[in-house]
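User: Could you take me through this one? I'd like to hear what lies behind each label you use.

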Amino acid sequence: MRISRRNLIKTGLAAGTAFSIPSLLRAQTATDARTVRWVPAGDLRVFDPISTTAGITADHGLAIYDTLFALDSKFVPQPQMVGKWGGSDDKKTYTFELRDGLGWHDGTPVTAADCVASIRRWGQVAPGGQLIMARAKDISKKDDKTFTIALKEPLGLLIDILADVTAPLLFIMREKDANRPATEQVTSNIGSGPFKFNHELARPGASFTYDRNDEYVHRKEPTDGHAGGKIVKVDRVVWENIADEQTAFAALQAGEVDYLGLPPVDFYSLIESDPNLVLESTGGDDNIMRMNCLQKPFDNVKARRAMLHLIDQEAFMRAAGPVPKYTDVVTSIFGKDTLYSNDENTGWYKKRGDPEKAKQLFQEAGYAGEKVVVLQPTNRPLFDRAAQLLAGELRKIGVTVELAPSDWGGVVTRRANKGPVESGGWSIFITNESDYSLSNPLGTPFLTASGDKAWYGWPKNDEYEALRAKWADIETLEERKALARNMQRIWWDFVGDVRLGYSVSTIARRKTLTGLIVKPLLDPMWNMQKA
């Protein structure tokens, strides 16, 4: 039986009261304290963490793969797979030696050749990786455990780029997998990380199972963020796909699952009043509308500028949920509260928006009634409601709109289509990016404007890209802040995307599940334990 959100809120359930749960889910109740049942924010459909920026795929990658470096809780890079490393005096050659005990889930050892191939593949798609490849004179193995990166010119941010947690992360894959072009997905799910993907128990659309890798040799340092020892304290994690948010929350209340990613804001008060549950912040996100700049009507900059004026951020964040303390306005492309957030060229922002200005700009763009397809992820409540509100606002100013409902996995798949809507393409989708990631234009793909090589939406502006390329070579904070202002001035002229507002991201968990790592970003499965 489906319980509507309206009826749910009306009932004002007392703390500890559970909803009715389908019998199938009850049959899956974990009585074993060594098994964690995990409901992430979306359905895992893309398994290759290099081929997508989807956070859900990055979480999958954290479980089964490993990284050369990792960020600690203070966002400082620390060696992970690397045992020793060093750079030449001229800062052009870096040598890395792998630590002992690294092995693939198929029983073969991790080698330097695997690392070289993985860096090259990642360098095809990640903004920071592309910078490394552009400056690389050579990336090659020295012996089975050692490889070098030789640069044509110094790159002081090299280690920061290798350690960045902005998807796509640099996960190390087997050489034979990493030799695939980045445009071809790797589906073997064989890594060297602390969990093994259980192929026999894979149930696409329903659940995936991850088993502790008993052969994994963790670092000896204490766990600190993503750095230090990746110590697995459970035997198994079952990744449940429960698309209906009421059912997922009911399962959490009943103790049939242990973790719920991105619970709807409507449920916050119920979570906070339940003595068995914990609501935990995982950071702040900018909610972002991406437009397909390759197809009508958003191939015209005036149509994109129209969207800047149409958006009422306060209204969009109210639609996200009834708790104002978890939302805010954001007008900087570098996030709400980072070192580089600024107010350059933000005169377009107006409280409650300016629909008449938006209508005028659509007319000036020559809009002739072309269908605008808005992707609507029905299992991501914030994005779902925002898509519906956006469709309504566009219709008010005379734009023909069609909502395309699917789960989040469907959006992740469809957004890669560059074609027109008649060929399965799209016009708009809504997503988010962390404030942390938006502070680094060399890491986040959201701040690229290189056309076909840019992130989904594919905006293009050569002047902006020339400025972004300077980021790696600027030495002082003040100079970088000045560069950020210039970049933002140009961005809001060509409108690479549109911001819908800022929101705090959360997870909900049973109090019996402890030790979760929520910073820096993403949700690794190691270190947690279940009472």
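This is a predicted model: local features need pLDDT of at least 70, side-chain atom pairs count only at pLDDT 80 or more; totals for chains, interfaces and linings use all residues.

User: What makes strand S18 largely enclosed by the rest of the structure?

Analyst: Seven of the seven residues of S18 (residues 428–434) are buried, so the strand counts as largely enclosed. Buried means under 20% relative accessible area, with exposed over 50% and partly exposed in between (1.4 Å probe, protein chains only). Strands here are DSSP runs of E, at least two residues, and helices are runs of H or I, at least four, numbered from the N terminus.

User: How do you know that both faces of S18 are covered?

Analyst: In a regular strand the side chains alternate between the two faces of the sheet. Here Ile428, Ile430, Asn432 and Ser434 are buried on one side, and Phe429, Thr431 and Glu433 are buried on the other.

User: How many bridges join strand S14 to S18?

Analyst: Seven, with S14 (residues 277–291) and S18 running antiparallel; two strands pair if DSSP finds at least two bridges between them. Methionine 291, for one, has isoleucine 428 of S18 as its bridge partner.

User: Why is one side of S5 and of S7 left without a neighbour in the sheet?

Analyst: The open sheet has four strands in the order S5-S6-S8-S7, with antiparallel pairing. S5 (82–87) and S7 (136–143) stand at its edges with a single partner strand each, so one side of each has no neighbour in the sheet. The twist averages 15 degrees from one strand to the next. Inside the sheet, five bridges join S6 (residues 93–98) to S8 (residues 146–151), and threonine 95 stands opposite threonine 148 in S8.

User: Which helices pack on that sheet?

Analyst: Helix H4 (residues 112–122) lies across S6, S7 and S8, at about 160 degrees to S7. Helix H5 (residues 127–135) touches S7 and S8, and its direction makes about 90 degrees with that of S7. Angles run from 0 to 180 degrees between N-to-C directions, and axes are lines fitted to C-alpha atoms, for helices over the stretch in contact.

User: Why are H10 and H17 called roughly perpendicular?

Analyst: The axes of H10 (residues 301–310) and H17 (residues 477–494) come within 8 Å and cross at roughly 105 degrees. Angles of 65 to 115 count as roughly perpendicular, under 35 as roughly parallel, over 145 as roughly antiparallel and the rest as oblique, so H10 and H17 are roughly perpendicular to each other. Val301, Arg304, Arg305 and Leu308 of H10 meet Trp492, Asp493 and Phe494 of H17, where contact means heavy atoms within 4.5 Å.

User: And why are H10 and H12 called roughly antiparallel?

Analyst: H10 and H12 (residues 355–364) pack at about 175 degrees, with axes 8 Å apart, so they are roughly antiparallel to each other.

User: What makes the span of helix H13 close to the expected one?

Analyst: H13 (residues 381–396) has 16 residues and reaches 23 Å from its first C-alpha to its last, close to the 22 Å expected. The expected span is 1.5 Å times one less than the number of residues. Just after H13, glycine 398 takes a positive phi of about 90 degrees.

Key:
Residues are numbered from 1 along each chain as its sequence is written. Side-chain values use heavy atoms; hydrogens and water are left out.
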